[in-house]
Amino acid sequence: MTDGPKYGFDTLQIHAGARPDPATGARQTPIYQTTAYVFRDAEHAAALFNLQEVGYIYSRLTNPTVAVLQERVATLEGGVGAVCCSSGHAAQLMALFPLMAPGLNVVVSTRLYGGTVTQFSQTIKRFGWEATFVDFDDLDAVKAAIDDNTRAVFCEAIANPGGYITDLDAIAKIADAAEIPLIVDNTSATPYLCRPIEHGATLVVHSTTKYLTGNGTVTGGCVVDSGTFDWSANDKFPSLSAPEPAYHGLKFHETFGPLAFTFHGIAIGLRDLGMTMNPQAAHYTLMGTETLSLRMERHVENAVKIAQWLEKDDRVDYVTYAGLKSSPYFDRVKTICPRGAGGLFTFAVKGGYDACVKLVNALEIFSHVANLGDARSLIIHSASTTHRQLTAEQQRAAGAAPEVVRVSIGIEDADDLIADLDQALTKAVS
Ligand SMILES: *Cc1c(COP(=O)(O)O)cnc(C)c1O
C-alpha cells in the first residue's frame, strides 16, 4: 500500500511510504544496513550521478529505510517530500541552507526551544547569516523586521517551553506578502495535533528525536517541503532557481518542480554537509510513528488533567498550558491544533529557584532529563539547564524564568503522576 488522501491519519502513520520488501516479502521495513549500492552498469552509475535517474548511490545521500521515513513524515504533514537528517538542529540548518548566504537574515520568533535560540543567535553568525528575534504576537513588528535581505520566517507551532501557540495563518500571510517561505518547527505539536502546511507554511522541520520516535532512543530530524513555493518568482533563491555548477548547470526548480527543495536537500545538502540520518535511527522512528496518534491523544489527556490539578494547588504560582482556559492562547488551540495543545507545559513553584531544584530532586516517576516527547514523564528546570546559555531576558521571553519548571507529560497513569508531583511539591515547598 502507498499513501493517498483517501486514507486517514491512523492508517497513514502505519503504512505511508512502506511496502513489503520487494526482495523477501518482509512485511516490516528492513533496516538496510549498507553504505553503498551496486550499479547495474557504468551508464546507470553515470545517470545517477547526473541526477538523470533516481536511485541509491551511497547512504550519506539516500538509504531505503530512511526513504520510508521521509515519505511517511512528508505524507503525515501533507507535504510533497522530506529529507531526514541526524538531529533536529541539523534539520534547521538543512532548511535554511538553500535559502541563505552571507549577509542574509531570517526573522524568528523569540519563543523557541533554547538550543534553537543559541543556534540562531550565535552559531549561524559564523556562516555570515543573521537572525532577527521578534515577538510573533506583534504582527507589525514581524512585518517591520523583514527587509530585502530576509529569506525566511521561522517559528514553532506550539512553542516549547512556554505554552505558546503561534498564529500560523497570520504569520504565513506576512511571509507570503514578502515572497519568502515560512518555516515551522512542528516538533512539539507533531502532525497529529497541527499541520502547519494547511496554515500556509512552506517548510516544516522536526526533531524526530521527540514525539515522532516517542521513546527517547535516537536523535533525528526532518525537513518537509509543501512543494507550493515558487522559488523562481524572483532572484532571491538562486540555489534553487539558478544553474547549479556542481551538476552541469542544472536548475533545481526548473528540473524538479515541486520536489526542488527536497532534491536539493539530498543532492547538495546531505552530499556536502553530511548530516545524514542512519538507517537504525530511521527504524526506531518508523516504529514510533506507527503509534503517534494514540500516544498524542494520551499525552494531551494527561497534560490537561495534570495542568488543571496543578493550577488549583496553592504550592504553585501559575501554570502556562494553552489547554487551560486561563491561557491567553486557549482560543488559538481550536484553529491551530484542534486535537489539543500537546504534552508540554511549565509551572512556577512558590519558593522560586531553590524550590524548583528541590522539586526536581524529590520526584520519583518523573525523570530529570534534557529531553521531551518521551512515553515517560520528564521534568527539567530550564533556567539551570537548557536555557542556561541565555540571558535572563531571553529566559523570560522563552518562558523559562528561574521559578519555572518544564514538564513533558508521558503516557503513564495520570493519577500516579499527580501523586508523584504532590509528594515532591510537599518536599519542595515547606
Ligand atoms: C529538541 C528540539 C530541537 C532540536 O532537536 P535535536 O534533535 O535535539 O537536535 C528543535 N526544536 C524543538 C522544538 C525541540 O524540541
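Predicted model: local features only at pLDDT ≥ 70, side-chain atom pairs only at ≥ 80, totals over all residues.

Me: Is His264 buried or exposed?

Reply: His264 has a relative accessible area of 2%, so it is buried. It is found in helix H11; helices (H or I, at least four residues) and strands (E, at least two) are DSSP runs, numbered from the N terminus.

Me: Which residues does His264 touch, not counting residues up to four places away in sequence?

Reply: Contact means heavy atoms within 4.5 Å. On that basis His264 touches Pro98, Ser239, Leu240, Phe252 and Gly269.

Me: What about whole helices: how many residues of H5 are buried?

Reply: In H5 (residues 114-121), six of the eight residues are buried, so the helix is largely enclosed by the rest of the structure. The cover over those buried residues includes H4, strands S2 (105-109), S3 (130-134) and S4 (150-156), and helix H16 (392-397).

Me: And how many residues of H4 are buried?

Reply: H4 (residues 88-96) is mostly covered, with eight of its nine residues buried. Among them are Gly88, Gln92 and Leu96.

Me: How do I read empty space?

Reply: Rolling a probe the size of a water molecule over the atoms shows where empty space is left. On a 1 Å grid over the protein atoms alone, a cavity is a set of points where a 1.4 Å probe fits but cannot get out; a pocket is an open set with protein on both sides within 12 Å along at least five of seven lines, and lining residues have an atom within 4 Å of a point. Grid points are joined across faces, edges and corners, and a volume is the space filled by probe spheres set on the points.

Me: What volume does the largest pocket have?

Reply: The largest pocket has a volume of about 690 Å³. It is lined by 29 residues, and the closest to its centre are Val54, Gly55, Thr62, Phe263 and Ile266.

Me: What about the largest cavity's volume?

Reply: That volume is about 40 Å³. The lining of the largest cavity includes Ser59, Cys84 and Met277.

Key
Residues numbered from 1 in each chain as written. Heavy atoms only, no water. Buried < 20%, exposed > 50% of the residue type's maximum accessible area, 1.4 Å probe, protein only.
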